Amino acid sequence: MKAPVHRRTKVAAIGAALLITAGATGSAVASGDPGSRGGGQREAAALTGSAKLYRSLGDDITFTFDAHLAAKNTDDPLKATGTFSWSHYLNGKGAWAKARVDCLVTGGKVAVVSGVITDTDLEGAKGTRVGITVHDVGRGDRLGYSWAAQGSPVETKDLPRCVGSAPFEKVTEGSGDFRVVPWNPKL
């Protein structure tokens with residue numbers, strides 16, 4: 001039985017957006033079955049882990065992800081759950097934020113996750129949607145965020161779900177690791 005046309009169109013459009021945004025392929029393999037949670041059934045997609053970004057000036061920037069798409073929701077990345085958070089400090093000044101996941105799309109070693117900021121000390125950011133793209137390449141993971149061009153998550157008020165930036169930032173070696181479980185929708 002074929003999926004309804006509107007669902008296939010939505011999945012195809014999101015998949016195409018991921019390919020345009022990220023443009024990478026492959027698969028992330030952790031110890032054991034990648035994407036297996038608890039009961040042994042593989043998740044449809046996941047982005048997990050924590051790492052610090054490299055900055056030559058010594059900025060302390062950390063991103064943490066716990067985003068999952070259950071196997072039963074394989075055809076609808078908008079049913080992803082979880083949270084992600086980040087902080088950015090330099091010379092004792094900066095901010096932190098936590099977001100509730102509202103979309104997760106992965107392709108090979110690339111993940112795009114979006115969510116709405118639920119808690120933060122950055123004035124004007126609460127309730128704003130942000131998107132982050134991660135490229136999981138092991139020791140040299142990369143990351144990009146939707147506010148890269150504007151400079152602040154406060155500026156991304158009308159961002160649609162599942163939109164992120166090219167992963168231009170580098171993770172500091174030895175600071176952590178991001179893990180991507182590739183999405184395999186029924187197209």
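Where in the chain is the place of tyrosine 54? Hi everyone, let's start there: tyrosine 54 sits in the loop between strand 1 (45-52) and strand 2. Strands here are DSSP runs of E with at least two residues, helices are runs of H or I with at least four, and both are numbered from the N terminus.

A word on ground rules. This is a predicted model, where local features need pLDDT of at least 70 and side-chain atom pairs count only at pLDDT 80 or more, while totals for chains, interfaces and linings use all residues. Residues are numbered from 1 along each chain as its sequence is written, and side-chain values use heavy atoms, with hydrogens and water left out.

Back to tyrosine 54. Setting aside residues up to four places away in sequence, tyrosine 54 touches Glu169, Lys170, Val171 and Thr172; contact means heavy atoms within 4.5 Å.

Now the overall picture. Of the contacts with a separation of 6 or more, 59% join residues 24 or more positions apart. Buried residues make up 45% of the 187 residues, where buried means under 20% relative accessible area, exposed over 50%, and partly exposed in between (1.4 Å probe, protein chains only).

How far can we trust it? Mean pLDDT, the predictor's confidence in each residue from 0 to 100, is 83 for the chain, and 79% of residues reach 70 or more. Over residues 5-34, though, the pLDDT is below 50, and this stretch has 45 contacts in the model beyond near neighbours in sequence. Where pLDDT is low, predicted coordinates should not be read in detail.

Next, the loop between strand 7 and strand 8, which holds proline 167. Proline 167 is buried, with a relative accessible area of 16%. Its C-alpha lies 5.8 Å from that of threonine 133, 34 residues apart along the chain. Leaving out neighbours within four places in sequence, proline 167 is in contact with Thr133, His135, Arg142, Leu143 and Gly144.

Cysteine 162 is also found between strand 7 (142-145) and strand 8 (169-170). Cysteine 162 has a positive phi, near 60 degrees, in a residue other than glycine. Is cysteine 162 buried or exposed? Cysteine 162 is buried, at 11% relative accessible area. Asparagine 91 has a positive phi too, about 55 degrees, and is not a glycine. Asparagine 91 sits in the loop between strand 3 and strand 4 and is exposed, at 74%.

Finally, the largest pocket, with about 310 Å³ of space. Grid points are joined across faces, edges and corners, and the volume is the space filled by probe spheres set on them.

Of the 20 lining residues, the closest to the centre are Trp86, His88, Trp147, Gly151 and Pro153. Strand 2 (60-69), strand 3 (81-90) and strand 4 (93-107) each supply at least two, and strand 4 gives the largest share, four residues. Thanks, everyone!

Conventions: On a 1 Å grid over the protein atoms alone, a cavity is a set of points where a 1.4 Å probe fits but cannot get out, and a pocket is an open set with protein on both sides within 12 Å along at least five of seven lines; lining residues have an atom within 4 Å of a point.
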